[in-house]
Amino acid sequence: MTTTRGIDRTRLRTAMALEERRFADAHPRSRELFLRAERSLLAGVPMNWMVRWAGAFPIFVREGRGPRFTDVDGREYVDFCLGDTGAMAGHAPEACGAAVAAQMRRGATFMLPTEDAVCVGEELQRRFGLAYWQFAVTATDANRFAIRLARHLTGRPKILVFNWCYHGTVDEAFITLADGVAASRSGNIGPPVDPSLTTKVIEFNDVPALEAALAPRDVACVLAEPAMTNIGIVLPEPGYHEALREITRRTGTLLVLDETHTFCAGPGGYTRAHGLAPDMLTIGKAIAGGVPAAAYGMTGDLAERVRPRIRSDESDAGGIGGTLAGNALSLAAMRATLESVLTEEAFARTIPLASRWAGGVLEVIREKRLPWHVTALGCRAEYWFRATPPRNGAEAARSIDADLDAYMHLAALNRGILITPFHNMALIAPGTTTADVDLHTAVFRDSVEAILGS
């Protein structure tokens, strides 16, 4: 009998087998649909990473509202995953539904602006402090366009990202450090070029490495989340953002902050909450209440540099934009979400609930004397199977315990709780209640007690 990180591995395997049987017995309709889907959908899912869910097959959803959804077997769940941020506004928010329905009756896309575009641009300007905005369909697109603009303006070939970052399906960002050497990230499907040719990669929170990487002045931009979230939450150390901004300015490197996940920090994301000053900012997922949409903004000074560098007669084929970018439907959804759903008042409610979620988990960890920790970021929180918070992506990656992850996810799912599949992260929607949070604490406690060693 082997125990690791306070967990009895024999009991873990036994408990996992029990949860797998319980899951299969409780979801016959989802299993039926999955078997049918295998005949038309690759791996039986509409998007490849849906195979990552715990259990032998994904549950199929019938409907959702607010912080809850119901599957095709009639089982209801409290949703702390929220579409990995895409549904941070909650499922089917009324203001978004009404705006989308009304706009659909008037037309979905024209390749012409609507009044909503102006209103959204003004609201993003107010919230994030960037003077000028453009729209895209996904945050991946917004990041790609920001990178292209940075290269275009600086004439420099490379970008810099942080080890174990994630910025959507941007080719340049699928790079990691293997024994200190930049290499294509494992699982990078069909990379067009070796990413080390286009990208420099360093560890987050490492100021000397940042200095060294930017010193040759061949980096067009640093693309970074203000706090890492896709390898778990890795917070910046005191003074790191000040150093990042000073070094990028001194070396003529543009700073692009990806707020797609860190929007959870408040109405103006981490940027506004902590007084940051990026040259460009990208955001997607949550800003349209679940409708595909994204935006990228830039400072007034940068906009003045951009305008003369893009000829109007070439603007349709320069690698920035898309026929559905800035469409009327997504702008209507963005306006409704920003004006009526993800408001100042909503964050004033969700951020304390995330603290309550984190506090409940921490109470169990301390009571059971587990070498785990909890981290919160705005209305987002997570627990990790290590005693101290990681300083960078490499430390976070080394903490992954796939077997323990799978068990904790499936045990929660079988008891009506959904958390983000790639790590043990929870996001709080405006409609989430204290009872929902306390239910998670109770489920977490029961799940842990089932696998503790004697």
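Rings of Phe, Tyr and Trp (for Trp, the six-membered ring) pair if their centres lie within 6.5 Å; planes under 30 degrees apart count as stacked, over 60 as edge-to-face and the rest as tilted. With that in mind, select Trp357, Trp372, Tyr383, Phe385 and Phe444, which form one aromatic cluster. By this rule the count comes to 18 aromatic pairs.

Before moving on, a word about the model. It is predicted, so local features need pLDDT of at least 70 and side-chain atom pairs count only at pLDDT 80 or more, while totals for chains, interfaces and linings use all residues. Residues are numbered from 1 along each chain as its sequence is written, and side-chain values use heavy atoms, with hydrogens and water left out.

**Stop 1: helices 11 and 14.** Select residues 344–367 for helix 11 and 434–449 for helix 14; helices (H or I, at least four residues) and strands (E, at least two) are DSSP runs, numbered from the N terminus. The two pack at an angle of about 20 degrees, with their axes 9 Å apart. Axes are lines fitted to C-alpha atoms, for helices over the stretch in contact, and angles run from 0 to 180 degrees between N-to-C directions. Helix 11 and helix 14 are therefore roughly parallel (angles under 35 degrees). Now show the contacts (heavy atoms within 4.5 Å): among the residues that meet are Trp357 in helix 11 and Phe444 in helix 14, both of which you have already seen in the aromatic cluster.

**Stop 2: Phe162 and Tyr240.** This aromatic pair is edge-to-face, at 6.3 Å centre to centre and 65 degrees between the planes. Phe162 lies in strand 7 (residues 158–162) and Tyr240 in helix 7 (residues 240–250), so the pair ties together parts that are 78 residues apart in sequence. Both Phe162 and Tyr240 are buried (under 20% relative accessible area, with exposed over 50% and partly exposed in between, using a 1.4 Å probe and protein chains only).

**Stop 3: helices 6 and 7.** Helix 6 contributes Val207, Leu210, Glu211 and Leu214 to the contact, and Tyr240 is one of the residues from helix 7.

**Stop 4: Arg22.** Finally, select Arg22 in helix 1 (residues 9–26). Leaving aside neighbours within four places in sequence, Arg22 is in contact with Asn414 and Arg415.

Note on methods
Parallel < 35°, antiparallel > 145°, perpendicular 65-115°, else oblique.
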